[in-house]
Amino acid sequence: MSAAPQEDALSLAETQPVGNVGRMKILIIEDDLEAAVYLTKAFREAGIVADHASDGESGLFMGSENTYDVIVIDRMLPRRDGLSVISELRRKAIHTPVLILSALGQVDDRVTGLRAGGDDYLPKPYAFSELLARVEVLGRRKGTPDQDVVYRVGDLELDRLSHEVRRSGKEIPLQPREFRLLEYLMKNAGQVVTRTMLLENVWDYHFDPQTNVIDVHVSRLRSKIEKDYSQPLLKTIRGAGYMIKDEG
């Protein structure tokens, strides 16, 4: 069961494809027709091809017989529940990234979903910009093992092995959490990274601690990588999150 996403700060008409998103193809497994129509339309306006299955059995068949970059699945489905669909896909050695949508948003619920084989878990209600950002990240992950040792954005470089960060050849000392934050942002350069994604991937929180911990660390990181440089790289996307990008 599902409800349509919350009204978003980013209107669908203004949502534009980012990077290689225009070549992405996803499967939405959702039994709520109104929500499915909304999501299919919204993803297509964002440049993503979206197929739809209305129950678990149909979704399992489509996910098994076709190639998708990402599968977005509701947890509560008729004929076969979402977690069972994911488990069966994994049993068949189908490793398409799966994002679970669910009204069950407690930590234990999320852990159960991830252990069933899900790659991400987004509780309802949610904003479409949050869902879109997560799908973009999962889509980039598919079939591309994380083998880059050095991330580069403009003249900023991060070496994942030596844990060194340099800009224009000058070393920038960072604290461990600052390094992890920058690493995640640079891994997803050019993509909007939401606060929830940062909490989950940088702080390992699967809940919002209701603190300004992200704002503090982003501010410190920005001051370190942009001090004495005319070209800003780390941007705050109002109502969405953060993005690191070279505009030069």
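Modeller: Tyr 38, Phe 43 and Phe 128 are linked into a cluster by ring pairs. The model is predicted: local features need pLDDT of at least 70 and side-chain atom pairs 80 or more, while totals for chains, interfaces and linings use all residues. Numbering starts from 1 along each chain as its sequence is written, and side-chain values use heavy atoms, leaving out hydrogens and water.

Biologist: How many aromatic pairs does a search of the whole structure find?

Modeller: Two. One of them joins Tyr 38 and Phe 128, with 6.5 Å centre to centre and 90 degrees between the planes.

Biologist: What makes Tyr 38 and Phe 128 an aromatic pair, and of which kind?

Modeller: Rings of Phe, Tyr and Trp (its six-membered ring) pair if their centres lie within 6.5 Å; planes under 30 degrees apart count as stacked, over 60 as edge-to-face and the rest as tilted. The planes of Tyr 38 and Phe 128 are at 90 degrees, so the pair is edge-to-face. Tyr 38 belongs to helix α1 (residues 33-45) and Phe 128 to helix α5 (residues 128-141), so parts 90 residues apart in sequence are tied together. Helices here are DSSP runs (H or I, at least four residues), as are strands (E, at least two), numbered from the N terminus.

Biologist: How do you know whether Phe 128 is buried or exposed?

Modeller: Buried means under 20% relative accessible area, exposed over 50%, and partly exposed in between (1.4 Å probe, protein chains only). Phe 128 has 1% relative accessibility, so this residue counts as buried. Tyr 38, at 24%, is partly exposed.

Biologist: Why is the pair of Phe 43 and Phe 128 called edge-to-face?

Modeller: Their ring centres are 5.1 Å apart and their planes stand at 70 degrees, so the pair meets the cut-off for edge-to-face. Phe 43 lies in α1 and Phe 128 in α5, so this pair ties together parts 85 residues apart in sequence. Phe 43 has a relative accessible area of 0%, so Phe 43 is buried.

Biologist: Which residues of α8 are buried?

Modeller: Among them are Val 213, His 217, Leu 221 and Glu 226.

Biologist: Why are the buried residues of α8 said to line one face of the helix?

Modeller: Seen down the axis of α8, they fall within an arc of 150 degrees, so they line one face. The arc is that of the directions from the helix axis to the C-beta atoms.
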